[in-house]
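Here is a short briefing on a structure with several chains. Look at the sequence and the model first, then work through the points below.

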Amino acid sequence: MSEAMKQTVDFDARARQVLSQVPLLSARDVEVTFSLRGNKLTAIRRASLDLYEGETLAIVGESGSGKSVFTKCFVGMLDKNGSITHGSIQYDGQELTQLSEKEWLKIRGKKIAMVTQDPMTSLNPLKTVGYQIQEAVELHQGLRGRAAKEETLRILEAVGISDAARRYKQYPHEFSGGMRQRVVIAIAVACRPQILICDEPTTALDVTIQAQILDLIRRLQKEQNMTIIYITHDLGVVANVADRVAVMYAGQVIEIGMANEIFFDPWHPYTWALLSALPQLGVKGEKLPAIDGTPPNLFNKIQGDAFAPRNKHALNIDFLEEPPMYEVTATHQVKAWLRDPRAPKVDQPQSIARLAESKTETGTDPNAYHPHLDPNRETLIQVKNMQVTFGTGRKKFVAVDDVNFEIYKGETFALVGESGSGKTTIGRALVRINPITGGEVYLNGQKINGKISKEQDLKVIRSCQMIFQDPMASLNERAKVDYIVSEGLINHHLYKNEAEREEKVQKALEEVGLLPEFSSRFPHEFSGGQRQRIGIARALIMEPQFIVADEPISALDVSIRAQVLNLLNDLKKKRGLTYMFIAHDLSVVRFISDRIAVIHKGRIVELAEAEELFFHPLHPYTRALLSAVPNPNPYVERSKQLMVYDPDVHDYSVDKPIWNEILPDHFVYGNERELDGYRKELGL
Amino acid sequence: MSKQNKIKSVQELEQPVVDLSIDYNTVDQEPKKERPRGREYPQSRSRMPEKQLFEFAEYKASDAERTGYSNYSYWKSVWQNFLRNKPAVIMSVVFILLFIFTFVSPLISKYTVESIRIDYDRMFTSPNSEFWFGTDNMGRDYWCQVWFATRTSILLAVLVAVGEIILGTVIGLLWGYVRKLDRFFTELYNFVNNVPTIIYMTLIALMVGKSFLIMALAMIFFNWLATARNVRNLVLMYRDREYNLASRCLGTSVGSILARNILPYLISVIILRLALAIPGTIAYETTLTYLGLMDVSRPSLGILLRNARSFFLDYPYLLVFPAGIVSIITITFYLVGNAFSDACDPRNHV
Amino acid sequence: MAKYLLKRLLQSVVTILLIVSVVFLLMRLMPTDYYFSEDELMKLTEDQKQSRLEAEGLLDPPLVQLGNFLVRLSRFDLGTSRRIQTNKPVVDVIGSRFGVSMRIGLTALGIALVIGVVLGVLQARFKGHAIDHVGTGYTVFINAVPTLVSYSLVLIFGARVLGLPSLYSVRKVQQSSILPIACLTLTSIAGYMLWTRRYMVDELNKDYIRLAKLKGLNDRQVMFRHVLKNAFVPLAQYLPYSVLMTVGGSLLVEKFFSVPGMGPLLTDAISRYDTNVVQGCVLLYATLGVVGVLLGDLLMVLVDPRISLSGKGEVR
Amino acid sequence: MKKLLSFVLAMVMILSVASFASADEIKELHTYETQSREIETWNVLMSQKAVDNNVMVNLVDGLLTNNNKGELIPAAAKEWYSEDGGATWTFKLNEGMKWVDQNGTVKADVKASDWVTAMEWVVNFSKNNGTNTSMPFQMVKGAKEYYEYTKELAAAEGEEAAKALTADGKFAEMVGVKAEDDLTLVYTATYPMSYFPTVCTYTSFYPLSPELIAEIGVDGYKAAEPATIWYTGPYIIESFTAGNEKVFKQNPEYFYANDTEGHKRFERVIIKMIESQDAAYQLFQTGELDHATLSPSNLNIISNNPSNEFYKNLVEARPTKYSYQIHFNFDKLFEDGTADENWNKAVANEAFRQLFYYGLDLTQYLRTINAINPLACVNYAYSANNVAGKSDGTDYAAMVVAAQGLSYASDTYMRYDADKAAALKAQAKEELTAAGVTFPVSIDYYIAGGDQTQLDRANALKQTISDYFGDDFAVLNINTYVSSIAKEVAALHKASIYINGWGADFGDPINFLSQETYGEDSAYYTVTYSFANNATDENLIAVYKEFTDLTNAAHAITDDDDARYDAFAKAEAYFLEHALCVPIYYDVQWELTCINDYTRVYSPYGSQTYRYVNWETNDQIYTSEDYAAFAAAQ
């Protein structure tokens, strides 16, 4: 890591600042329990946290770790069935745990505001955006009428919404997701709070938008001198925004420290595991270090360290007694027995070291050209001029237009794009869930779209399978695993007798690392990762040659993603599978895929070998996408130059764009003028 | 605060519940054999020397997969949840007893519908030891009439309700899933829905007849609308869920998808509809009887209510018994329907 | 927008014509004797009946009759009543009754809507409190007791205890409308309460309510600024339909109180086999229904900015 | 109960001098009809329904009307006579009668020619569509021929040509009705008939002013409304709301307007349409009606409870003009249209039919009609009472009853004869078993589905049949129809038996008996209910033929009314003895009322009953005692 980079943010200075202050907000031993139909769930198990003025504190954790619940206590918005059963939260001389609803009205919004997670549902659909912001302005800034409106317009502009006067009168549905999140932020900012809690504000957004929103929050923080608590599960985001980081697990803060301390010198095995499992830190072709199992059940009383059962470095004492907070530095505490003087010495894992060295690239020469390596490749799938439209008449919408590509046997072909770009549509068109309206698709040289014979149909079904994005939605919860996995077999009677079918199911389950006895259970009983593996088994049992994996890990928790990625890679090796890997996250794609196609608004704009694309992106959209990829190294992340893609840069009015192979195996979409420019860049 | 917030947080927190119902960390664990795990560690710290405490524990990755063990079963949870709703359980027991009693009562009562006689000398006898529910305006025993009527009405109601739910569900499934049929069913829906069904009922009664079976079929035929639309809207919700796409990808036929992938999700709604259709049918029967569109040769609750209308000021018991039974049936199914559909909602399974 | 409206209107017209045609043909399935009253059957000879049917074109093939009917319909000529009010134009027969039903229906609906919505709002606001339980109890009661019985109770109470007229009278319209309106109101309040409460509770669970609270709005502000209108949206779609269906008259109530409205007209017309009146009624009801759905969609456009007229016009 | 009543009656007899409470008469009469009985047309000539006539007779005066004893009295005609033994009839009209419109404005004088115009209307196919023609056809010379003529004309030259016809020209040539001058009207009957004047109370013999037609046109009169028609009768329609109420006000130009004693009128009559008979009782209780006929259930409630507020006000109404009988269906079909041979064979058997006659004590059933005094409504004759009478005052129906050896004086159900019943049952069983009939014979009986009273009655009948025939012999099945028994049941031959009521339109037994003759199209019951013409059993046909011959022979006697009635009585007795039909009851109901029924128009035929003239009322409810006195005074 260059020194220049390190200067982008001075964590030491910030640490000194923190140490010199009295906490602005101080939570001590907070315990929150929910009662659910007679059962007691302890969501926060005596967690403590200090917040210092002007800082950005990120709280990281998996779903269920209690990070959201914890911060809800700071605004008095716990659900009705939940209550703070222990501990105290001090703010501004007040004990927040004891406030009445009336007293809360003086703090909520006014002093502590919150940006909620899902911008699509957070705004009242029936009120204009202006009204909703102005409401906060009037309430907290005491402005009325014209002044309030002017302030509202100012805030709208401040959160980066241009043409504020017109936007003021519009309704939320006329705004895109990113714009809505800006409005939600505007509402929070309009309250002029001292503390702003951002609860996963970018999780639902595309990477490029995410980067913009993070920038915005940072800017507003500076302008309004706010203290920010940032809740996220994405370490890239943490790296981007956080001064300090608190890692939560099973309702406790298990490690807290300055961002550089957490990223480069973490001491809790869970933090290690989280960081190691990042695909960015993985080595292509190798297994990612994954965390096995799932987080604990908070309905039960937890003994010892909650992470112990999944901890590869667990000590015996971890199972028996909860560790105390050990101080690593003045700003860095960790709740792990490993820090006990009596504990054996352990080194931090390799990948942590890699992160510290900022060796996030695989070490190839950035200037080299990366063609596809195998000269004897065979084409498995060929797509010619594919077009997919939805609806008819005025409602007609072209989702995919004039798309061409080939997928070679044995490779992982990645399709990357933002939501709504048409990537999933292409994937579904290949497995014929969506009918295509133009062009042809060939499998092993045979046309598979349109009307085909029955045997051919069966052959295609067996050859092409799909893995779906959301493991919660992609399994029929009312059917047993046995049926789910063997559904394809049953449909086409691909077995001689019941015994054979059962055997096949068991084999498929074993292959994806599940136990054969699972076949008699229902999907509810499994975690996201396990469910995703059931989905893979369902596809595998058909013995396909080709699998479309539609964002198979994006809905999974960070700690589980690695399991699935490892499995996919294993299977590819073992069975010689070919994947089409659909993703929006370039960092994952780089780790897993051989070639990458970038799609924008229904068109593939660039297609190249993975490393080639990373080192020589040509299309401005590709570049923008790459620039927005979060990096788990805070220094790198904070020094990156964000590029914003503006489709208007293309002037296609006269010079029509074409799909051009600018280098062998490197395709780009552009008109002659642009292509000339790209060639120049490549030095051709 | 709001329910959805609750639900959301429940979901968030609940997820592990299902994933891992036996946990290494539970204190109140069952004996070891129940817990398939690979390593042993002491139950009590006092047994372990401190040195050992700070040694690495053995780690087995495969154990993690077993953490999914759960005795959770969807239908069992539904049932358990339902049983937890005391009013619904009590009312359904009452209803079942009531229904059984309609069959038993002829055996224990002094009169039967077949044997009761008109006797003007004992008309409007208040309930007494001879006539347990008194006698009606023609001196006939009311007890046996009420129970017979209850049986007739419940049978009709169940027949119609089940029929209409089946028809409504089938139509709703096709309507929602098969895009080509959408137009047809929408028009059919408009056709039936936009004209008061009483027209169709009257026409059928005039043209076809009004025997028990015909009227039951007619009611089924004109009452499927609400169910069908409800089902259809739900199907639209589920149609493009990923697991259905997965089935299509596997070449599953439309019939199988509807039956195995979609129908099971509609059970709660279907049960709710069914539960509401039963009292609905009884109410409808009352109206139809009043309008003279029902077969009246044997007592039904509709007939008893129609008849009691003329007397209830002077002889309230003539109204109270049949109306009471109608109310019990209505409230029972109202409670049971809601309880069951709540119980079917996996979000409520803890 | 205009194009969309036009398309919806055309679709509606097709639906209405379809309904009317089918009912028209159904009616022709009946033996021709049905055209005559009992007395006519008694006193007319077979020959007289035949010549009369022939003169009126009722012996033509049903499809020919339908054609003639549709041609007349295009001139807004629904023919004359055969039995209900002999030889009086159907338009007049229906018109006068429709007015009465409309007045009573709209009044009842208005009252029920106001009371029902207010009570529903209160129930949602004080969910789990006494008022909520009382309200739920009321809805359960209304649903549990057969309408025939509850109407009788209203009638007896109104007439005996309050001394209100138990028959509708054109000479004492206001006084005599009280009981029928009360019957309609008491039952429909329950419905509006139920739905309002439910929609309110649904809205209260929405994310944007959480955001509104996070802004620092108090419960009352949240309720009035954010929940009410939103809860009204789902109600709005069905409102025109229920309004129009209400003006179509309630069979039971109108029969009970001898209200000269639409309610009993249709069954009466069917049982007396007054085909032209039946067709007129069906036309009216179908139009009300279809227009109700259309208006519901239009109202949605007005209250919900998310919906634009280019949306799809199907049942929801 | 019964004892109490007889005691009360006895007391009344003793104290019959008791003065009536000096209460006021009712100025505005509130009366009612049930909703299914709403007026259908305001064209008096077009209607043949009682529901219409009940209203119309108050608005237009026919030639004659009835008084409270059932006698013919003048209305528009002040005198009437036949100088040729009934072949032609002359009516002298009152002088100075006026047609007025709804506002009471005089529109025209009433002239004899108005009756001619009216007759032309009735028998013109294009004007009246053939309705209301049956009596003109039967009784007025040339009427039928003229009808055929207009029909052909309409077919040949179009409706308009036929509509354009007037009482002059062809009609005057063909039809036997003539206005000698403005006040003299002469009818020529089809054959000499003494009862011609009785038919003049019927609406097909009502007047129509040609000037009204000139004003509103033929189609306008077809679609007549209160606002468009002209009035000559005691009342004018003040307001009319279909399905709700009709309000009558006095006609200021009524001919007898100044005769407030002889032609006493209400200031207003308000006819409410009510939901059901039961509702009438409720409305009477709240004071919204001035009288209420009690359904059996209402009656039972009151009579069952001596402390009921109306217990002492229960009064028995006078019988209506209708006579009710059980008709057998001789050609019964099942629902699917196949013949019900079992029933058809059984009913063709005379012994089986006679069982209904001699084998049933219908007292229990009659209690569903008249709960207190069931035997008051016993009916042993087919014809109704007071339709006609011999010169010595003997009522025709009484002659029929006597001819059967029965009497209404008995306090038991006299027709029932246990011994005879047993013999008949044995005989029927034997004969029918031989004919292959299986027992029990099922008897399909239909009632209106929405009518609780009918259901109660049917159940009573079912029980009576079960009690007297035994469940092994015959079983009554109760089925329902929606609105029209003729169309839904009779037309499809679906019922085994019907209970029908017939009321006379004019004062001659032929009006009853001609409905039952064999082989004649005009025989209403034969053609539409009993289907005797389709019967195959020879004995049955022979009996029917014999009865028809007897009837026709009686009808042929036109010169001697006594002989005519004797012959009819003989035919009717034959008809009944062979049980071709079983008389069952007269409609004698109980009511709560402020009206003295004995002052109301009593018409054993025709449609004058609901003329609201000369009704004696009291704003206090009449008591049983009052009524007993009225009856005694009659």
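Two strands count as paired if DSSP finds at least two bridges between them. With that in mind, take one such bridge: Glu28(D) has Arg268(D) in S12(D) as its bridge partner. Keep in mind that this is a predicted model.

- Strands of a sheet pair through backbone hydrogen bonds, and the pairing is either parallel or antiparallel.
- In chain D, 4 strands make an open sheet, and their order is S1-S12-S11-S10. The pairing in this sheet is mixed.
- Strand S1 (28-34) and strand S10 (235-241) of chain D are the edge strands. Each of them pairs on one side only.
- On average, neighbouring strands of this sheet are turned by 20° against each other, direction ignored.
- S1(D) and strand S12 (residues 268-274) of chain D run parallel, joined by 7 bridges.

**Which chains touch**
- Which chains share the most contacts? Of the 5 pairs of chains in contact, the answer is chains A and B.
- Chains A and D do not touch. Their nearest C-alpha atoms lie 47 Å apart.
- The contact between chains C and A takes 20 residues from chain C and 26 residues from chain A.
- On the side of chain C that touches chain A, H9 and H10 of chain C each supply at least two residues. H9(C) gives the most to that side, with 7 residues.
- By class, that side of chain C has 7 nonpolar, 5 polar and 8 charged residues.

**A helix pair in chain C**
- Helix H9 (residues 207-214) and helix H10 (residues 219-247) of chain C pack at an angle of about 145°. Their axes are 11 Å apart.
- H9(C) passes H10(C) in a right-handed crossing.
- H9(C) brings Tyr208(C), Ile209(C), Ala212(C) and Lys213(C) to the contact. H10(C) brings Val222(C), His226(C) and Val227(C).
- These residues divide into 5 nonpolar, 1 polar and 1 charged.

**A helix pair in chain A**
- Helix H6 (residues 129-141) and helix H9 (residues 177-190) of chain A pack at about 15°, with axes 8 Å apart.
- Angles under 35 degrees count as roughly parallel, so H6(A) and H9(A) are roughly parallel to each other.
- The crossing of H6(A) and H9(A) is right-handed.
- Residues of H6(A), including Val129(A) and Ile133(A), meet residues of H9(A), among them Val183(A) and Ile187(A).
- The contact of H6(A) with H9(A) has 8 nonpolar, 2 polar and no charged residues.

Key: Residues numbered from 1 in each chain as written. Chains lettered and ligands numbered in written order. Predicted model: local features only at pLDDT ≥ 70, side-chain atom pairs only at ≥ 80, totals over all residues. Axes fitted to C-alpha atoms, helices over the stretch in contact; angles between N-to-C directions. Contact = placed C-beta atoms within 7 Å. Left-handed = near helix turned anticlockwise from the far one by under 90°. Nonpolar A, V, L, I, M, F, W, Y, C, P; charged D, E, K, R; others polar. Parallel < 35°, antiparallel > 145°, perpendicular 65-115°, else oblique.
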